[in-house]
Amino acid sequence: MLKIINGKRYNPTTAKKLCYWDNGYYNDFRVVEETMYRKRTGEFFLYAYGDPMTAYAKSEGRTTYGSECIVPLSIDSAKKWLEEKADADTYIQIFGPVEE
């Protein structure tokens with residue numbers, strides 16, 4: 001999925017995949033999958049997919065369906081996402097050691 005957002009190009013096939021997370025639902029209308037990437041320019045973004053009963057759902061008329069999107073992330077947002085959805089080793093690998 002190639003996307004242009006605010007005049008910047010986001011392409012998961014050319015960016016570096018950093019971390020994958022899913023909510024653990026399978027064969028359900030609540031599946032959410034998010035993958036964090038870093039562009040060659042250092043910018044972070046998420047490629048996200050969600051089923052009809054998630055925040056990523058789209059609606060047209062009386063029909064709701066799952067969708068995918070690209071979400072640009074600031075450095076602070078990327079750190080917060082990793083704190084919530086990744087393990088400490090992944091966070092340290094991406095951002096370096098953290099004070100105790």
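A: A strand is here a DSSP run of E at least two residues long, and strands are numbered from the N terminus. In these terms, N6 lies in the loop between β1 (3-5) and β2 (8-10). The model is a predicted one. The account below turns to the part formed by a sheet and the two helices that pack on it, and returns to N6 at the end.

The sheet comes first. It is open and consists of four strands in the order β3-β4-β5-β8, paired in the antiparallel sense. Strands β3 (16-22) and β8 (67-73) are at its edges; each has a single partner strand, and therefore one side of each has no neighbour in the sheet. On average, neighbouring strands are turned by 20 degrees against each other, direction being ignored.

Within this sheet, β5 covers residues 44-50 and pairs with β8 over seven bridges, in the antiparallel sense.

Helix α1, residues 75-85, lies across β3, β4 (32-38), β5 and β8, and runs at about 135 degrees to β4. Helix α2, residues 88-95, also packs on the sheet; it touches β3, β4 and β5, and its direction makes about 155 degrees with that of β3.

How do the two helices meet each other? Two packed helices are described by the angle between their axes and the distance between the axes. For α1 and α2 the angle is about 155 degrees and the axes are 9 Å apart. Since an angle over 145 degrees counts as roughly antiparallel, α1 is roughly antiparallel to α2. On the α1 side the contact involves I75, A78, K79, L82 and E83, and on the α2 side T90, Y91, I94 and F95. By residue class, this contact comprises six nonpolar, one polar and two charged residues.

One residue of the contact can be followed individually. K79 belongs to α1 and has a relative accessible area of 29%, so it is partly exposed. Apart from its neighbours within four places in sequence, K79 is in contact with Y91 and F95. Between K79 and Y91 the C-alpha to C-alpha distance is 7.5 Å, although twelve residues separate them in sequence.

In α1 the buried residues are A78, W81 and L82. Seen down the axis of α1, they fall within an arc of 95 degrees, and therefore line one face of the helix. An α-helix has 3.6 residues a turn, so residues three or four places apart point the same way. The buried residues of α1 pack against β3, β4, β5, β8 and α2. The exposed residues D76, E83 and E84 are carried on the face of α1 turned away from its buried side.

Helix α2 can be read in a similar manner. T90, Y91 and I94 are its buried residues. Because they cover an arc of only 100 degrees around the axis, they are on the same side of α2. They pack against β3, β4, β5 and α1. A88, D89 and Q93 are exposed, on the face of α2 turned away from its buried side. Helix α2 is followed by G96, with a positive phi near 90 degrees.

Most residues other than glycine have a negative phi. N6 has instead a positive phi, near 50 degrees; at 77% relative accessibility, it counts as exposed. N27, in the loop between β3 and β4, likewise has a positive phi, near 55 degrees, and is not a glycine. Its relative accessibility is 84%, so N27 also counts as exposed.

Terms used. Residues are numbered from 1 along each chain as its sequence is written. This is a predicted model: local features need pLDDT of at least 70, side-chain atom pairs count only at pLDDT 80 or more; totals for chains, interfaces and linings use all residues. Side-chain values use heavy atoms; hydrogens and water are left out. Two strands pair if DSSP finds at least two bridges between them. Axes are lines fitted to C-alpha atoms, for helices over the stretch in contact, and angles run from 0 to 180 degrees between N-to-C directions. Contact means heavy atoms within 4.5 Å. Angles under 35 degrees count as roughly parallel, over 145 as roughly antiparallel, 65 to 115 as roughly perpendicular and the rest as oblique. Ala, Val, Leu, Ile, Met, Phe, Trp, Tyr, Cys and Pro count as nonpolar, Asp, Glu, Lys and Arg as charged, and the others, Gly among them, as polar. Buried means under 20% relative accessible area, exposed over 50%, partly exposed in between (1.4 Å probe, protein chains only). The arc is that of the directions from the helix axis to the C-beta atoms.
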